[in-house]
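Hello,

Here is the structure I promised to pass on. Please open it and keep it beside this email while you read.

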Amino acid sequence: MTKLIVVFGATGAQGGSVIKFLSRHKDFKIRAVTRDPTKDSAKKLEKEYGVELVKGDLNDTEFPKSVFEDAYGVFLVTNFWDPASQGKEFGQGKRIADLAKEAGVKHFQWSSLSDVEKESNGKYDVPHFTQKAKLETYIRSKGFEFTSFPAAAFYYQNFLTFFPPKKDEKTGKLTFTLPESSSVTAFDVNDTGAVVTAAFQHPHKWNGRFIPISGEHFTWSEFIEKFNKATGKGAVLNLVPRETFAKFGFPGAEELAEMFGWFDEFGYYGRAGKRELGLRAYHDLKSLSEWFEENKSAFDKF
């Protein structure tokens with residue numbers, strides 16, 4: 001029996017990966033939710049993967065219940081860094097969970113993270129983690145037959161976007177300016193869909209599970225060593241105190257500094273996160289070295 005899966009964030013990194021992996025299996029049909037189904041990125045999904053495109057905006061208080069008609073499962077992800085979503089993630093997700101439950105959805109997957117506020121006893125303020133955790137608690141209370149909570153680690157891709165290197169004008173060397181932290185847990189966001197698909201394929205096995213998706217756990221020294229080995233660029237690290245990083249002035253700098261403080265003291269997933277679970281769901285989660293090797297040319301622009 002073919003199962004219809006509603007995928008949110010269809011044109012984004014996580015949602016796009018989920019669509020890619022689900023489409024490899026004939027027992028799934030995909031309904032892709034996007035704010036603008038006429039966009040080229042949405043039409044490309046329709047053409048390449050045969051998805052059904054539907055319009056849906058997470059901020060719509062009258063979100064159409066028809067999106068969930070005949071659906072077996074839902075994969076929901078929100079984008080905290082979208083200005084339209086900041087401070088609204090819990091409300092957005094609650095609305096979708098309520099509608100999905102009313103429509104009879106059996107398996108609800110939410111891209112969750114750890115409750116930083118609770119686990120650190122208020123020491124660290126990282127809303128884009130904590131709000132996701134609070135929504136997870138709400139979804140667990142809804143009584144879905146199956147729930148799964150894939151939890152994406154820090155993206156390797158962030159080293160091309162949020163934390164790219166810059167060329168030192170004096171030395172000509174690439175420099176990564178990063179907040180001090182004892183460790184980072186990261187992965188290739190394109191692997192998200194493999195874990196989500198495994199959970200939809202084996203709902204009893206992954207029911208109620210918080211599933212860390214972690215490709216590698218490393219120090220900054222290991223990071224720069226692997227980068228230079230793959231690219232040959234001889235890049236260097238500029239590690240700055242988190243208090244300094246918080247004052248860099250770009251949107252989100254303070255929260256990112258808090259996040260690295262959390263990493264330093266509690267690790268990415270906190271006390272409860274079992275990083276091996278993601279590998280059990282998908283054995284081929286990409287390592288940092290593999291990702292650098294595949295994407296080394298992307299750093300030529302810096």
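Start with one term: a residue is buried at under 20% relative accessible area, exposed at over 50%, and partly exposed in between (1.4 Å probe, protein chains only). A second term: helices (H or I, at least four residues) and strands (E, at least two) are DSSP runs, numbered from the N terminus.

This is a predicted model, where local features need pLDDT of at least 70, side-chain atom pairs count only at pLDDT 80 or more, and totals for chains, interfaces and linings use all residues. Residues are numbered from 1 along each chain as its sequence is written, and side-chain values use heavy atoms, with hydrogens and water left out.

**Strands**

Look at β9, residues 174–179. Five of its six residues are buried. Strands count as paired if DSSP finds at least two bridges between them. β9 runs antiparallel to β8 (residues 166–167), with two bridges. K167 has L174 in β9 as its bridge partner. Six residues lie between β8 and β9, which form a hairpin. In that turn, G172 has a positive phi of about 80°. β9 also pairs with β13 (residues 236–240), this time parallel, through five bridges. There, F176 stands opposite L237.

Now find the open sheet of three strands. Its order is β7-β10-β12, and the pairing is mixed. β7 (154–155) and β12 (216–218) are the edge strands, each pairing on one side only. β10 (residues 184–187) and β12 run antiparallel, joined by three bridges. V184 faces F218 in β12.

**Helices**

α6 covers residues 192–201. Nine of its ten residues are buried, including T192, G193 and F200.

Why is α10 described as largely enclosed by the rest of the structure? Because ten of its 14 residues are buried. Among them are W262, F263 and F266. Just after α10, G267 takes a positive phi of about 85°.

**Cores**

A nonpolar core is a set of buried Ala, Val, Leu, Ile, Met, Phe, Trp, Tyr and Cys residues joined through side-chain atoms within 4.5 Å. The largest one has 76 residues. F8, F68, F108, F154, F159 and F223 touch the most other members. α10 gives the largest share of this core, seven residues. A second, separate core has 19 residues, including A10, I30, A32 and A42.

Contact means heavy atoms within 4.5 Å. Leaving aside neighbours within four places in sequence, F68 is in contact with residues including F8, R31, I96 and V105.

Best wishes
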